[in-house]
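Have a look at the picture before reading on.

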Amino acid sequence: MSDGDKKTELTALQAALAAEHAAVYGYGVVGGRVDDRRRTEAKAAYDAHRARRDALAREVRDLGGRPVAASAAYALPFAVRDPADAVRLAARLEERVAGVYADLVRSSTGARRASAAGALREAAVRAVGWSGRSVAFPGLAERAGEGTDTGTGAAGAAGTSGAAPSGSASAGR
């Protein structure tokens with residue numbers, strides 16, 4: 001792997017890690033507002049994102065990087081006042097996380113690419129479970145009819161300190 005490829009892959013790993021930090025934060029909000037019948041689903045997603053976050057931090061260190069830290073708080077893309085808002089937020093979080101994993105799939109090879117593809121699939125399936133709808137190309141905003149946000153904004157709760165899952169950890173992909 002060339003130094004340029006390693007740097008590109010490390011950048012994509014850091015973006016995925018930032019998105020996972022934001023998703024963990026976002027699911028804290030979801031869990032506090034979602035109704036009882038979906039609380040188990042929210043807890044399972046929260047646990048899955050925590051596990052992915054921890055694995056990504058290890059991968060970043062393995063490539064010689066310093067894992068991006070979580071922000072103290074993240075801006076949500078909308079106010080979460082009731083269970084319906086919590087469900088919408090969960091779907092948005094998963095869509096954003098799928099986007100950063102699509103970027104990681106493009107930037108990696110071998111086992112890391114396979115792992116990123118699995119994470120993309122899991123996020124896409126959870127997004128469908130929360131939203132009740134699917135897209136033809138999960139994780140690819142340009143194919144889903146959305147804008148091509150880089151993920152550094154604040155659209156959910158999965159990214160920069162005021163963002164959501166996506167590129168650098170923004171849920172606003």
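Does Glu41 count as buried, partly exposed or exposed, and at what relative accessibility? Glu41 counts as partly exposed, because its relative accessibility is 32%, which falls between the cut-offs of 20% for buried and 50% for exposed. Keep in mind that this is a predicted model.

- Side chains of opposite charge can pair when their charged atoms come close.
- Glu41 has such a partner: its side chain meets that of Arg38 in a salt bridge, with 2.9 Å from N to O.
- Arg38 and Glu41 are three residues apart in helix 2, so about one helical turn separates them.
- Arg38 counts as buried because its relative accessibility is 12%, while Glu41 is partly exposed.
- Another salt bridge joins the side chains of Asp36 and Arg39, at 2.4 Å from N to O.
- Asp36 and Arg39 also both lie in helix 2, three residues apart, or about one turn of the helix.
- With 61% relative accessibility, Asp36 counts as exposed, whereas Arg39, at 33%, counts as partly exposed.

- In total, the structure holds 13 salt bridges.
- One of them is formed by the side chains of Glu9 and Arg112, with an N to O distance of 3.0 Å.
- This pair links distant parts of the chain, since Glu9 sits in helix 1 (residues 3-33) and Arg112 in helix 4 (residues 110-131), 103 residues apart.
- Both Glu9 and Arg112 are buried.

**How helix 2 packs with helix 3**

- Helix 2 (residues 36-62) packs with helix 3 (residues 83-107) at an angle of about 25°, and their axes are 12 Å apart.
- That angle makes helix 2 roughly parallel to helix 3, because angles under 35 degrees count as roughly parallel.
- The two helices, helix 2 and helix 3, cross in a left-handed way.
- On the helix 2 side, the contact is made by Arg38, Ala45, His49, Arg52 and Leu56; on the helix 3 side, by Val87, Glu94, Val97, Tyr101 and Leu104.
- Sorted by type, the residues of this contact between helix 2 and helix 3 are six nonpolar, one polar and three charged.

Definitions and conventions: Residues are numbered from 1 along each chain as its sequence is written. This is a predicted model: local features need pLDDT of at least 70, side-chain atom pairs count only at pLDDT 80 or more; totals for chains, interfaces and linings use all residues. Side-chain values use heavy atoms; hydrogens and water are left out. Axes are lines fitted to C-alpha atoms, for helices over the stretch in contact, and angles run from 0 to 180 degrees between N-to-C directions. Helices (H or I, at least four residues) and strands (E, at least two) are DSSP runs, numbered from the N terminus. Angles under 35 degrees count as roughly parallel, over 145 as roughly antiparallel, 65 to 115 as roughly perpendicular and the rest as oblique. A crossing is left-handed if the near helix is turned anticlockwise from the far one by less than a right angle, and right-handed if clockwise. Contact means heavy atoms within 4.5 Å. Ala, Val, Leu, Ile, Met, Phe, Trp, Tyr, Cys and Pro count as nonpolar, Asp, Glu, Lys and Arg as charged, and the others, Gly among them, as polar. A salt bridge is a side-chain nitrogen of Lys or Arg within 4 Å of a carboxyl oxygen of Asp or Glu. Buried means under 20% relative accessible area, exposed over 50%, partly exposed in between (1.4 Å probe, protein chains only).
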